[in-house]
Amino acid sequence: VSGFRFLSFSKTGVFRKSILVAVPLIVLGAYAVHEAASHQGGVIGLSRSGCGGGGGCHGSQSASTVVRISTAAPQIVAGQTYTFHISVANASEAGAGCDITADNSATLNTNDPYLQVYQNELTQTQRVNFTSGDSAVWTFDYTAPKKTGIAHIYACGNAVNGNGAADGGDHWNTITYNVNVVSPSGPQIAAPATVRDTV
């Protein structure tokens, strides 16, 4: 030990300065770990794969978490914008989050204060607590692609226990919603001449 020089922290004040620097860093680090674990402000890139993250960061996929997508529009016309709803329900959990994407160059937007747009994906701004019916509901806008045919909306709903940690107590599920995009003139119905004459 002859090659080391020991400092007296009580005399030099180095110990106090070290504490003043270390404590904020520890608090900041703990906050960062907590946020990385719980994702209360939402994440993207999970609408198809789910919230397991490979290491089970949010529990497991479960049929008890029911994710639904719906719209009141009778048909989806190419290039037009429509209002959709997504709900996440699980009777054994406290709240939920979501991640939503669309394919075929469709675009997503929202005026819902609990949803945000990031890189043409939608995710929650914070956890939404379950209300009546044990479900969380968000509203978003879907602008259909200009190309007709079948397009898709992908979503993952994560039902959470609300303890702020990433653990096995959360249960997520995914859904693929098929969108039949039609031309602006609408679908054409062809009928044989005999049928038209009869009518």
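Trainee: In what sense do strand 6 and strand 10 pair, and over how many bridges?

Mentor: Antiparallel, over 3 bridges. Keep in mind that this is a predicted model.

Trainee: Which residue stands opposite asparagine 109?

Mentor: Aspartate 141, in strand 10.

Trainee: And how do strand 4 and strand 10 pair?

Mentor: Also in the antiparallel sense. Strand 4 covers residues 81-89, strand 10 covers residues 135-143, and there are 9 bridges. Alanine 89 stands opposite serine 135 there.

Trainee: Let's move to threonine 110. Where is it?

Mentor: In the loop between strand 6 (107-109) and strand 7 (115-118).

Trainee: Is threonine 110 buried or exposed?

Mentor: Buried. Its relative accessibility is 12%, and the cut-off for buried is under 20%.

Trainee: What does the side chain of threonine 110 reach?

Mentor: The backbone oxygen of threonine 139, at 2.8 Å. A polar atom of the threonine 110 side chain also lies 2.9 Å from the backbone nitrogen of aspartate 112.

Trainee: Which residues is threonine 110 in contact with, leaving aside neighbours within four places in sequence?

Mentor: Leu115, Gln116, Val117, Leu122, Thr139 and Phe140.

Trainee: Now aspartate 112. Where is that one found?

Mentor: In the loop between strand 6 and strand 7.

Trainee: Why does aspartate 112 count as buried?

Mentor: Because its relative accessible area is 14%, and buried means under 20%.

Trainee: What does aspartate 112 touch, not counting residues up to four places away in sequence?

Mentor: Val137, Trp138 and Thr139. The C-alpha atoms of aspartate 112 and threonine 139 are separated by 5.9 Å, although the two residues are 27 apart along the chain.

Trainee: And which backbone nitrogen lies 2.8 Å from a polar atom of the aspartate 112 side chain?

Mentor: The one of tyrosine 114.

Trainee: What about phi of asparagine 120?

Mentor: Positive too, near 60 degrees.

Trainee: Where do these two sit?

Mentor: Glutamine 119 lies in the loop between strand 7 and strand 8 (121-124). Asparagine 120 is found in the loop between strand 7 and strand 8 as well.

Trainee: Buried or exposed, glutamine 119?

Mentor: Exposed, because its relative accessible area is 59% and the cut-off for exposed is over 50%.

Trainee: And how does asparagine 120 count?

Mentor: As partly exposed, at 30% relative accessibility.

Notes:
Residues are numbered from 1 along each chain as its sequence is written. This is a predicted model: local features need pLDDT of at least 70, side-chain atom pairs count only at pLDDT 80 or more; totals for chains, interfaces and linings use all residues. Side-chain values use heavy atoms; hydrogens and water are left out. Helices (H or I, at least four residues) and strands (E, at least two) are DSSP runs, numbered from the N terminus. Buried means under 20% relative accessible area, exposed over 50%, partly exposed in between (1.4 Å probe, protein chains only). A polar contact is a pair of N or O atoms within 3.5 Å; within protein, one must be able to donate a hydrogen and the other to accept it, and residues adjacent in sequence count only if both atoms are side-chain atoms. Contact means heavy atoms within 4.5 Å. Two strands pair if DSSP finds at least two bridges between them.
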